[in-house]
Amino acid sequence: MRPEDVILPEDALSESFLAATGPGGQNVNKVATAVQLRVDLFKLGLHPNVYQRLRNIAGSKVTSGGELLITARRFRTQDANRTDARRRLAEMIAAAHMVQAKRKPTKPSRAAKAQRVDRKKQRSAVKQGRGKVSFD
């Protein structure tokens, strides 16, 4: 699934604009440009496995009530930050839909293990045959 294919239901989203954060001062522009996007994960209607992977991807951004918080403050305008927050949400959901290929456990055959042990014994015999160097 690609981020462009993710459909975000509007009833699961709520936005709020945060006032300028950071060092203050007399001439600081106090326009609220940062956007905090709150997403109710239960209203997204995700499969339980996808939901669990999304929780793992988001980590500490998920509250105990099942809300995902995304804060966007990279850009200088509200619209750009709003778009950025929704894009990041779509990327997280798309990443959660990707299933990692199951790793097949491999066990070496007895013959391969026996060959490794034989090679190891041969190297050991060569090293022992060299003898120790003694200084006169």
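Predicted model: local features only at pLDDT ≥ 70, side-chain atom pairs only at ≥ 80, totals over all residues.
The buried residues of helix 2 pack against strand 1, strand 2, strand 3 and helix 1, which covers residues 48-58, where contact means heavy atoms within 4.5 Å, and where buried means under 20% relative accessible area, exposed over 50%, and partly exposed in between, with a 1.4 Å probe and protein chains only. The buried set in helix 2 consists of N81, D84, A85, L89, A90, M92, I93, A94 and A96.

Residues are numbered from 1 along each chain as its sequence is written, and side-chain values use heavy atoms, with hydrogens and water left out.

On confidence, pLDDT is the predictor's confidence in each residue, from 0 to 100; its mean over the protein is 78, and 82% of the residues reach 70 or more.

Now the overall layout. The protein has three helices and three strands, and along the sequence they follow the pattern β-β-α-β-α-α. Of its 136 residues, 21% count as buried, and of the contacts with a separation of 6 or more, 63% are between residues 24 or more positions apart.

The strands form an open sheet in the order 1-2-3 with antiparallel pairing, two strands being paired if DSSP finds at least two bridges between them. Strand 1 and strand 3, the latter at 67-72, each have a single partner strand and stand at the edges, so one side of each is left without a neighbour in the sheet. From one strand to the next the twist averages 20°, with axes taken as lines fitted to C-alpha atoms, for helices over the stretch in contact, and angles running from 0 to 180 degrees between N-to-C directions. Strand 2, residues 34-40, is joined to strand 3 by six bridges; in this pairing Q36 stands opposite T71, and D40 stands opposite E67.

In a regular strand the side chains alternate between the two faces of the sheet.

The same check can be made on helix 3, residues 110-130, where 21 residues should span 30 Å and the end C-alpha atoms are 31 Å apart, which agrees. Helix 3 is followed by G131, whose phi is positive, near 80°.

Finally, the charged pairs. A salt bridge here is a side-chain nitrogen of Lys or Arg within 4 Å of a carboxyl oxygen of Asp or Glu, and by this rule the count comes to six. One of them joins D84 and R74 at 3.3 Å, N to O; this pair links distant parts of the chain, with D84 in helix 2 and R74 in the loop between strand 3 and helix 2, 10 residues apart. D84 is buried, at a relative accessible area of 3%, whereas R74 is exposed, at 56%.

D84 also meets R88 in a salt bridge, at 3.6 Å, N to O, and the two are four residues apart in helix 2, so about one helical turn separates them. E91 and R87 form another, their closest N and O atoms being 2.7 Å apart, and these residues too are four apart in helix 2, about one helical turn. Both are partly exposed, E91 at 37% and R87 at 36%. Salt bridges that share partners join R74, D84, R87, R88 and E91 into one network.

Note on methods:
Expected span 1.5 Å × (residues − 1).
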